[in-house]
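Please read the following points with the sequence and the model open side by side. They are arranged by region, and each can be checked on its own.

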Amino acid sequence: MKSFTKTISTSSSASSFNRIAEIRDDIVVLGIETSCDDTAAAVVRGNGEILSQVISSQADLLERYGGVAPKMAEEAHSQVIDQVVQQALDEANLTENHLSAVAVTIGPGLSLCLRVGVRKARQIAGSFKLPIVGIHHMEAHALVARLVERELQFPFLALLISGGHNLLVLARDLGHYVQLGTTIDDAIGEAYDKTARWLGLSMRRGGGSALEELAREGNAQSIKFSVPMKQHKDCNFSYAGLKTQVRLAIESKKIDTETPFFSTSSQDRSLRADIAASFQRVAVLHLEERCERAIDWALNIEPSIKYLVVSGGVASNQYVRTRLGEVVKKNGLQLVCPPPKLCTDNGVMVAWTGIEHFCKGRFDPPPPVDEPEDFVFDLRPRWPLGEEHTEGRSGARSLRTARIHPSLTSIIQSSTPQSQPFNIEVESSSSSGRSGDCSCCLGKLYLCNR
């Protein structure tokens with residue numbers, strides 16, 4: 001492996017970002033993602049070149065259990081993690097000796113699943129003396145847009161929508177996020193999946209894509225579902241009530257939810273299509289209304305905003321993209337959506353986010369090679385991305401949003417000098433270099449608990 005050593009100045013300014021960019025061609029990061037139901041790994045170069053991307057889907061388990069079963073998901077991750085990582089390295093035509101660092105999702109997500117990826121990342125990092133970067137899953141969804149759209153600079157607004165999260169954040173800088181709105185009960189992806197399951201659709205490709213396809217056959221105005229949280233003038237999301245409306249509509253139409261979709265009559269198929277279309281119209285209208293208000297709030301905070309990033313698994317939905325495209329156009333912004341393969345959980349977004357933070361000096365030193373079996377990993381299943389905007393606080397907040405860990409933003413801000421930048425040396429994995437900023441770690445770290 002070619003060794004490199006360059007001194008870079010790390011700060012939160014845009015000029016520092018540009019100075020750091022010059023070393024990126026030499027950086028190669030392995031990203032590992034196991035936060036939920038897909039085992040993913042990728043190798044990405046610092047200039048944004050995707051050298052490999054491997055995903056092992058748990059579609060069979062999703063269909064069998066009608067959703068994610070944490071223990072089964074953990075076992076599935078454990079069975080394929082070695083193969084997925086090795087395949088990612090092989091397809092990149094690299095070995096671990098070529099890597100600059102390993103990035104891995106440490107939260108939010110399912111603890112049992114997160115543990116599989118973190119254990120594998122630490123084994124590699126320890127064996128090959130590599131720095132390790134702990135990644136926030138939702139930040140990775142937002143930042144992968146910067147790999148796709150190179151003109152995307154901070155600040156920007158991001159809507160992150162998936163099976164477990166709805167999140168509206170103002171990204172002011174790398175690691176500096178203001179939470180404008182979040183999920184107070186069920187996320188849109190969960191609502192899509194539950195509705196698809198009730199309608200007897202196949203979950204093999206995910207409920208969202210199956211429901212979107214069926215909705216094209218239906219009349220979106222046929223059933224008058226109520227838009228959630230109309231009385232709440234904030235940017236938070238709720239889909240529990242809409243799910244209840246869907247269930248009641250299915251019961252009133254006397255649809256047999258135990259009958260698979262492929263076995264239904266043409267009349268029954270039409271009824272299910274109408275429910276799917278009506279549900280999708282209202283579910284996405286809820287997104288539109290929240291985004292409208294978030295754009296107004298964000299522009300008051302950062303008038304220079306030009307982009308709305310929409311990412312996460314539900315951002316693969318073409319209806320969602322089309323409707324939000326209209327919202328963005330009306331407000332004079334540009335819409336940035338990563339391609340569908342980078343919207344769903346993947347290793348590329350983890351590797352890229354690792355590169356961004358690695359270039360800022362935010363990483364942990366290599367773990368010990370002989371780490372004990374009972375070592376307690378730093379997992380953050382409930383981990384806020386940013387601090388709440390004052391106007392965004394909701395009285396309807398559920399206990400599910402209770403914080404266990406301080407937000408990523410608060411951790412980074414508390415560990416970063418506010419006045420002068422600091423210098424670090426970025427070296428090959430053969431180096432044991434430590435910066436002078438932390439007695440136990442390299443650089444200013446958000447993963448370090450010491």
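Two residues are said here to be in contact, or to pack or meet, when heavy atoms lie within 4.5 Å. This is a predicted model, in which local features need pLDDT of at least 70 and side-chain atom pairs count only at pLDDT 80 or more, while totals for chains, interfaces and linings use all residues. Residues are numbered from 1 along each chain as its sequence is written, and side-chain values use heavy atoms, with hydrogens and water left out.

1. Overall composition. The chain has 13 helices and 13 strands, where helices (H or I, at least four residues) and strands (E, at least two) are DSSP runs numbered from the N terminus. Of its 450 residues, 57% are buried, a term that stands for under 20% relative accessible area, with exposed meaning over 50% and partly exposed lying in between (1.4 Å probe, protein chains only). When contacts between residues at least 6 apart in sequence are considered, 73% of them join residues at least 24 apart.

2. V133 belongs to strand β6, which covers residues 132-136, and V133 counts as buried because its relative accessibility is 1%. Although V133 and I355 are 222 residues apart along the chain, their C-alpha atoms are separated by 8.8 Å.

3. Helix α8. The buried residues in α8 are L242, K243, V246, A249 and I250. They lie on the same side of α8 because they cover an arc of only 120° around the axis, the arc being that of the directions from the helix axis to the C-beta atoms. An α-helix has 3.6 residues a turn, so residues three or four places apart point the same way. The partners of the buried α8 residues are α6 and α9 (266-301), against which they pack.

4. Helices α6 and α7. The axes of α6 (residues 188-198) and α7 (residues 207-215) come within 8 Å and cross at roughly 65°; axes are lines fitted to C-alpha atoms, for helices over the stretch in contact, and angles run from 0 to 180 degrees between N-to-C directions. The crossing is left-handed, meaning that the near helix is turned anticlockwise from the far one by less than a right angle. On the α6 side Y192, D193, T195 and A196 take part, and they meet G207, G208 and L211 of α7.

5. Backbone points to check. Most residues other than glycine have a negative phi, and most peptide bonds are trans. Two peptide bonds here are cis: G107 to P108, with omega near -15°, and F154 to P155, with omega near 0°. P108 sits in the loop between β5 (101-107) and α4 (111-127), whereas P155 sits in the loop between α5 (137-148) and β7 (156-161).

6. N93 is exposed, with a relative accessible area of 68%, and K254 counts as exposed at 72% relative accessibility.
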